[in-house]
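The following exercises ask the reader to work through a protein model step by step.

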Amino acid sequence: QTNDSAYGKDNRYNLTINSLLQLNSVLSLQSKAGYQDWSQTYYIQEPLYIPAQVGYTNRNWEVENRINLSSKDTKLSFGLANLHSSLKGQDYQRPSLSIGTVKRSTFSSFISGQQSFKNLILDLATISAAFRFDKTAAYDPNWSPQIGLLLSQGTTANLKVRANWGKSYRNPSLNALFWKEDAFSAGNPNLKPERATNLDIS
């Protein structure tokens, strides 16, 4: 806060609940539920500045469920998730310019696996792979594959080589899409998801 005639406020609340049910030595069920609330308020009543009094509230609800299978050398996980987001924007100075409330939902499914091999050519070789599908309202479906390899040799002087390749993406935030134009920034409803290809060798 700067002073009584020009200030900004930022309040954030997060709640996450995790649960794990171990059915036997191989099978387990895992769940996560989360809620986020992010409120921002901007107030300007200074001379020589355009008066402003706006408020934004972002809310996210997320649920994720997984089935995990695990043995000595093999791991497999399958899951489903849903994320619901909303942004409410209110212009108290000029109510007719308020953006109102915008919402979107993202459905996701994913599978990942890992297999280890011991005492073959090397002491340890581990192959991992993952595949994720995401569908967000107003955007095309997105597929994100990943694959990794770990090679390990030696016990006293351990030599490890890792290689990972994958694709990822990120949706633009609701703020980036719909933020009302001000002196510092403006939302762009035409933004598209960011996409990346990653390669790491170490």
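The model used in these exercises is predicted.

**Exercise 1. Pairing of strands**

Task: Determine how many bridges join S4 to S5, and state which residue of S5 is the bridge partner of Leu 83.

Solution. Step one is to count the bridges: S4 and S5 are joined by 16 of them, and the two strands run antiparallel. Step two is to locate the partner of Leu 83, which is Thr 106 in S5.

Step three moves on to the pair S5 and S6. These strands also run antiparallel, with 13 bridges between them. Here Phe 110 has Arg 132 of S6 as its bridge partner.

Step four turns to S2 and S3, where 18 bridges hold an antiparallel pairing.

**Exercise 2. The largest pocket**

Task: Describe the volume and the lining of the largest pocket.

Solution. Begin with the volume, which is about 860 Å³. Then examine the lining: 34 residues contribute, and Asn 60, Leu 83, Ser 85, Arg 104 and Ser 173 lie nearest the centre of the pocket. Among the elements that give two or more residues to this lining are strand S1 (6-22), strand S8 (159-170) and helix H1 (174-178). The largest share, 6 residues, is supplied by S2. Lastly, sort the lining by class: 11 residues are nonpolar, 13 are polar and 10 are charged.

**Exercise 3. The largest cavity**

Task: State how many cavities of 30 Å³ or more the whole structure contains, and describe the lining of the largest cavity.

Solution. A search of the whole structure finds 1 cavity of 30 Å³ or more. The space in the largest cavity is about 40 Å³. Its lining includes Val 54, Gly 55, Tyr 56, Gly 89 and Lys 180. S3 and S4 each provide at least two of the lining residues. By class, the lining of the largest cavity comprises 4 nonpolar, 4 polar and 2 charged residues.

**Exercise 4. Two residues and their surroundings**

Solution. Start with Ser 109, which belongs to strand S5. Beyond its neighbours within four places in sequence, Ser 109 is in contact with Gly 79, Leu 80, Phe 131, Arg 132 and Phe 133.

Continue with Gln 53, a residue of strand S3. Apart from neighbours within four places in sequence, the contacts of Gln 53 are Tyr 42, Tyr 43, Gln 90, Asp 91, Tyr 92 and Gln 93.

To finish, compare separation in sequence with separation in space: Gln 53 and Glu 194 are 141 residues apart in sequence, and their C-alpha atoms are 32 Å apart.

How values were computed:
Residues numbered from 1 in each chain as written. Predicted model: local features only at pLDDT ≥ 70, side-chain atom pairs only at ≥ 80, totals over all residues. Heavy atoms only, no water. 1 Å grid on protein atoms, 1.4 Å probe; cavity = no way out; pocket = protein on both sides within 12 Å on 5 of 7 lines; lining within 4 Å. Points joined across faces, edges and corners; volume = space filled by probe spheres on them. Helix = DSSP H or I, 4+ residues; strand = E, 2+ residues; numbered from the N terminus. Nonpolar A, V, L, I, M, F, W, Y, C, P; charged D, E, K, R; others polar. Pairing = 2+ DSSP bridges. Contact = heavy atoms within 4.5 Å.
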